[in-house]
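Dear colleague,

I am passing on the structure below, and my notes on the contact between its chains follow.

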Amino acid sequence: MDISAAALTKRYGPLAALDALDLEVQGARVMALIGPSGGGKSTLLRAIGGLELPTSGALAVNGVDPSGKDGGLSWRRRNGFLFQQFNLFPHLTAYRNVTLPLEKVHGHAPEKAKSLADESIERFGLAAHAHKLPAQLSGGQQQRVGLARAIAHRPEILILDEPTSALDPEMTAEVLELIGELATGGQRIILSTHEMGFARAVADQIALIAAGKVAEHGTAAGVLESPREEITQRFLSKVMRFA
Amino acid sequence: MSARPGAQRLLLEAAVGLLLVTFVCALFWWVFANLDTAWEWSRAWDYRAHLLDGWGRTLWISLLALPGSCLVAGLLVAGSRTKLRTVSWFTRGFVELVRGMPLLTLVLIGYYVVFAQKSVSEFFHLDGPEGKIAAGIALLSIFTAAYLSEILRGGLDSIPQGQIDSARAVGFDRVQVFRYVIFPQALRRVLPALAGQFVTLVKDSSLLSVIGIMEFTYGARTYNSATYGGIEGFIMLGIGYLLITLPIAGFAHWMERRFRYTM
């Protein structure tokens, strides 16, 4: 997985969420973005996922501009995206949340969609909950459905925006374990997270994003164990204080 | 949420229920005991064809104005959401104009100033009583659509951005985002308000009598004058409207339960 960002900028009015960000990633399997809240992790992920059109600068992921000529539609269809707040479709059952995109976006016949959905739903231990509405599921279950939906079409890259920030510790462990399994299975993943232990265990590359720029980028072991930059050292000493 | 009601609660419900029924019965008795005019239900029976004719016309007007108003409302919502500023301003202006006028005024202006003019009625082939009804249905549709479009716009705007993000993320195109994610949720949210507006449409159709459409209210009033005060016609009038409006309300409540997705 290659990511190349050059002077990538995203402005919301006077605020620059991404401020001429530069990043060169080559051959990553799992890439983790860490850093303070409001530093630009989510915006970068949304740009990488083709959900956000940068104000200026260049971005290429595996050689593709995510918000390319069709406004990013074909890119979004190739990849999977998971949100912090689950964002399941509340009017559809867990099952339909997974099958509807398979049918309407990926053009699978209902039977094929069903078998693909069954596969990912069973994999995440959701068979007993498949016919419930999101409101009837716990946060952990909802996020597992979100994960099932994001991987059902076998995405090239799975993009996870703080996938466990809205979950309690037990559910967090549950969801992280599944993400770990996906990574072990060879799934290419970019995620933002505040779970440093998880980032260390799963990611091979880590970038610390702060104030809309990449403060430090390197191997997971390098960034977490011997950070070069002062801002990384301060950030890590804060988040690891009670770890 | 509440557990099985206890015996005490049941007793209270029964007592209050009895009190309410007694009160309503007493009220009715008092009203009817003071009537100066006598009931003559046989006259109503004699005029049944006349009354039924008016009721049928009201039913038809409602059944046609209902989809008509939805159609116009759809156009107004699309117009107000388009990226072309001039079109959205124009639509908003139109909606405010229509909502700012009483239906009676709109019907009077719409009919006597526009549709009743010879060149217009000939252009739309609206001469004759059917033409008058068609004009009435069109005016009623436009009036109701102004309200429906505002209800729908509010519903569409209430869908959180996260839903739109999520729909785009799974790969839906713009039309699919609207069709599979925004619209179904918005519709469910505004269903009670829509149902209320549809019921209002049925009742509002009574104002079409001012341009001489012989709908139900018109029928009851002609019955009243033809029989020199046959007040039973007004009771029939109330029942007749309820026969149309209650099923609409019932259907809406069923839809609400059927498509509920919040616990």
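**The interface and its salt bridge**

Across the interface of chain B and chain A there is one salt bridge (a side-chain nitrogen of Lys or Arg within 4 Å of a carboxyl oxygen of Asp or Glu). Please bear in mind that this is a predicted model, in which local features need pLDDT of at least 70 and side-chain atom pairs count only at pLDDT 80 or more, whereas totals for chains, interfaces and linings use all residues. Residues are numbered from 1 along each chain as its sequence is written, chains are lettered from A and ligands numbered from 1 in the order in which they are written, and side-chain values use heavy atoms, with hydrogens and water left out.

The bridge joins B:D165 to A:R46, with the closest N and O atoms 2.9 Å apart. It runs from helix α1 (residues 41–48) of chain A, which holds A:R46, to helix α8 of chain B, which holds B:D165 (helices being DSSP runs of H or I, at least four residues).

As for the contact as a whole (heavy atoms within 4.5 Å), 20 residues come from chain B and 23 residues from chain A. The buried area (accessible area, 1.4 Å probe, that the two parts lose on being put together, summed over both) is about 1900 Å², and carbon and sulfur atoms give 61% of this. On the side of chain B, B:R168, B:V170 and B:Y261 supply 27% of the area buried against chain A, more than any other three residues.

Definitions and conventions
Helix = DSSP H or I, 4+ residues; strand = E, 2+ residues; numbered from the N terminus.
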